[in-house]
Amino acid sequence: MTPFAPSVTALTDVHMLQGAREVPSAEWDVLARRGFHLHDWFVAAEDSGWTPRHVAVQRAGNLRAVVPAYLTDRTTMHDLHDRWLGPLQGLASMAGIDLRPIISVQSPFALVSEPLGDPQSISPDALHRVFEALEAAAIQDGARAVVWPAVDPASFRVLKVAEERGYTAVYGGSTARLSVAWESFDEYVSSRSKSVRRTIRKDLQGLNSAGLSMEAVSHYGNAVPAMTALFFEAFRRRNGKDPAIQPEFFGRLALRTSSRIRAQLTWCGTRLVGSSINLNTPELLEGTLSAFCSDHHAGPAYHNDLCYQPIRMACEEGIAAIDLGATALYTKVLRGGRLRRRITLLRGTTRSSHRTLSALAAVVARRTEWKERRALGPLWHHDEEDAGA
C-alpha cells in the first residue's frame, strides 16, 4: 500500500498576523534577508503607531515567510501616495478624489516590498491566498487599494500571480545597490576612477577640515533627544511641515539594543549635525531617517553618511552589499552604486478606485522615469548588468 502523502497545499497555512510581536524575534529574524526585515525594527515602528496587516505563510507548522504590510493613511510617514503623486496630489484633492487609506506591502520607513524568507518557498497557490488575505483586509478596513510599491522585477512568481489577479503594474523607480567586494575602504577608493578618487578624497578632506567626527553605535540613548530634534528640524526645512512620526520613535528603537541596528551620528564637537539609522544582516546593509543641519546638508558630512561610512562598515564586517536607497541617485551611482529597477503593483478595492489609481500611477511612473533619466544622464544605464564595471 502506498502511504498517504499530503500535498504541499494541504500543509501550507496562510493567515494574518496582529503584529510582529506575535512571532518570537528569533523565529522572525531567521527569515530576515535585509536590515529592514529585523524584528526589533518592526516592533519599534508598531509601538509608534504603524498599523500592521502582515500575512504569515506556514508549512507543516513552521513559519516559512512573512509578507509585511501596513494600513497607511495621511498620518503615516513615507505615505506611498505622497511619493507617487507629488504635484498631482493637489489636483486629486481639487477633483475630490480620496486616495487613502491603502494597504501597502512594505517594511516600516522604507519602500521595500520583499517578503521575509525565501520568496521561492511560497507556492503560487499560497501566494494567491496571500493576495486574497490582503485584499480582504483592505475591504474590511475601508481601504482604497492594495499596493506593492517596490517589487523586484526578478520576483517572477509574485508578478505572475499579481497579473492573474488583475493588478496594474507600472515602473516604481530605482534604488542604488552597491556590491561590496573590497577588504577595506582604502581598497574601495583605489578601485574607483581617477576623477571619482579625487571627489572622494575632497569629501574626506572637507570632513576633517570642518572638525567633524562620526560614530556608528548600538547604544545611543543619550543622543536620542538631539537625534529627534535634528530630524524634526530637517524635515520641516525640506517639507514645510512636521513629519508624521511620533517623537518617541527614536527612544523606543534605542531601548531595543541590537548590534544590527545602529545610529550613525556626525558630531561637530558636542553638537549633533547629522544622523541616520543603519540596519544590517550579513547579506545587506541599509539606512533611513537621515537628517542634517542646514550648514552641513549636501556637504562632506552628507556624503560620508550616505556612502563612505556604510562602505567602511560593510568592508569591516563582511556585509555582502549595501542598498543605498532611492534618493541622490547620481551621487550614489558616481561612487559605485548600480541601479535596481522596481515595479509598483496595485489593485483598487472597487472598479472606480482601481481605474483612478491606475491612471494616476501611470502618469507618476512616467514622471518618475523622466526625472531619473534627467538627473542621471548617461549614468541611467549603470544597472545590475554592469556590476563588473
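A contact here means heavy atoms within 4.5 Å. By that criterion, residues 24 or more positions apart account for 76% of the contacts in the protein with a separation of 6 or more. The model is predicted. Its secondary structure comes to 14 helices and 14 strands.

**Overall figures**

- The protein has 389 residues, and 53% of them count as buried.
- Its accessible surface is about 17,500 Å². Carbon and sulfur atoms hold 52% of that area.

- Helix 3 spans residues 39-47. Eight of its nine residues are buried, so the helix is largely enclosed by the rest of the structure.

**Describing helix pairs**

- Two packed helices are described by the angle between their axes and the distance between the axes. Two such pairs follow.

**Helix 6 with helix 7**

- Helix 6 covers residues 124-141, and helix 7 covers residues 156-164. They pack at an angle of about 60°, with their axes 10 Å apart.
- That angle makes helix 6 oblique to helix 7, because angles of 65 to 115 degrees are the ones that count as roughly perpendicular.
- The crossing of helix 6 and helix 7 is right-handed.
- Helix 6 contributes Pro-124, Leu-127, His-128 and Phe-131 to the contact. On the helix 7 side are Arg-157, Val-158, Val-161, Ala-162 and Glu-164.
- By class, the residues of this contact of helix 6 with helix 7 are six nonpolar, one polar and two charged.

**Helix 9 with helix 12**

- Helix 9 covers residues 194-209, and helix 12 covers residues 300-317. Their axes come within 10 Å and cross at roughly 110°.
- Helix 9 is therefore roughly perpendicular to helix 12.
- The crossing of helix 9 and helix 12 is left-handed.
- From helix 9, the contact takes Thr-199, Ile-200, Asp-203, Leu-204, Gly-206 and Leu-207. From helix 12, it takes Pro-300, Ala-301, His-303, Asn-304, Tyr-308 and Arg-312.
- The residues of the contact of helix 9 with helix 12 divide into six nonpolar, four polar and two charged.

Methods
Residues are numbered from 1 along each chain as its sequence is written. This is a predicted model: local features need pLDDT of at least 70, side-chain atom pairs count only at pLDDT 80 or more; totals for chains, interfaces and linings use all residues. Side-chain values use heavy atoms; hydrogens and water are left out. Axes are lines fitted to C-alpha atoms, for helices over the stretch in contact, and angles run from 0 to 180 degrees between N-to-C directions. Helices (H or I, at least four residues) and strands (E, at least two) are DSSP runs, numbered from the N terminus. Angles under 35 degrees count as roughly parallel, over 145 as roughly antiparallel, 65 to 115 as roughly perpendicular and the rest as oblique. A crossing is left-handed if the near helix is turned anticlockwise from the far one by less than a right angle, and right-handed if clockwise. Ala, Val, Leu, Ile, Met, Phe, Trp, Tyr, Cys and Pro count as nonpolar, Asp, Glu, Lys and Arg as charged, and the others, Gly among them, as polar. Buried means under 20% relative accessible area, exposed over 50%, partly exposed in between (1.4 Å probe, protein chains only). Accessible areas come from the Shrake-Rupley method with a 1.4 Å probe; for residues, only the protein chains shown count as cover.
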